[in-house]
Amino acid sequence: MSESTDHQPFGSILVPVIMAVILTEILMHSFDLKYNPISDGFDIANFLIDLGVFVTIAVTTSLLYQRIFKLLRKEGGSKE
């Protein structure tokens with residue numbers, strides 16, 4: 001096994017993606033931005049805005065998730 005998989009928390013991709021989907025929908029709804037590329041037709045500007053918001057939230061939640069996992073792992077290891 002590779003060492004990189006040993007240090008990756010369970011769900012390190014799944015949890016941030018789920019959180020990004022939920023938070024993107026909440027953020028877009030709060031700003032009253034509604035864009036559906038299927039029914040509205042493809043608009044590159046709206047697509048890039050949606051993609052940018054999604055990626056920003058996904059990267060941020062991924063970093064936070066990994067940092068929290070690392071803190072919990074340290075606390076769990078020091079309680080011997």
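**Close-up views of the predicted model**

**View 1. Asp32 is exposed, with a relative accessible area of 55%.** Exposed here means over 50% relative accessible area, buried under 20%, and partly exposed in between, found with a 1.4 Å probe and protein chains only. The model is a predicted one, in which local features need pLDDT of at least 70, side-chain atom pairs count only at pLDDT 80 or more, and totals for chains, interfaces and linings use all residues. Residues are numbered from 1 along each chain as its sequence is written, and side-chain values use heavy atoms, leaving out hydrogens and water. Although Asp32 is not a glycine, its phi is positive, at about 55°.

**View 2. Asp32 sits in the loop that lies between helix H2 (14–30) and helix H3 (44–78).** Helices (DSSP runs of H or I, at least four residues) and strands (runs of E, at least two) are numbered from the N terminus. The protein chain has 3 helices and 0 strands.

**View 3. The largest pocket has a volume of about 280 Å³.** A pocket is an open set of points on a 1 Å grid over the protein atoms alone, where a 1.4 Å probe fits, with protein on both sides within 12 Å along at least five of seven lines; lining residues have an atom within 4 Å of a point. Its volume is the space filled by probe spheres set on the points, which are joined across faces, edges and corners. The lining includes Val21, Met28, Tyr35 and Phe54. H2 gives the most to this lining, with 5 residues, while H2 and H3 each supply at least two.
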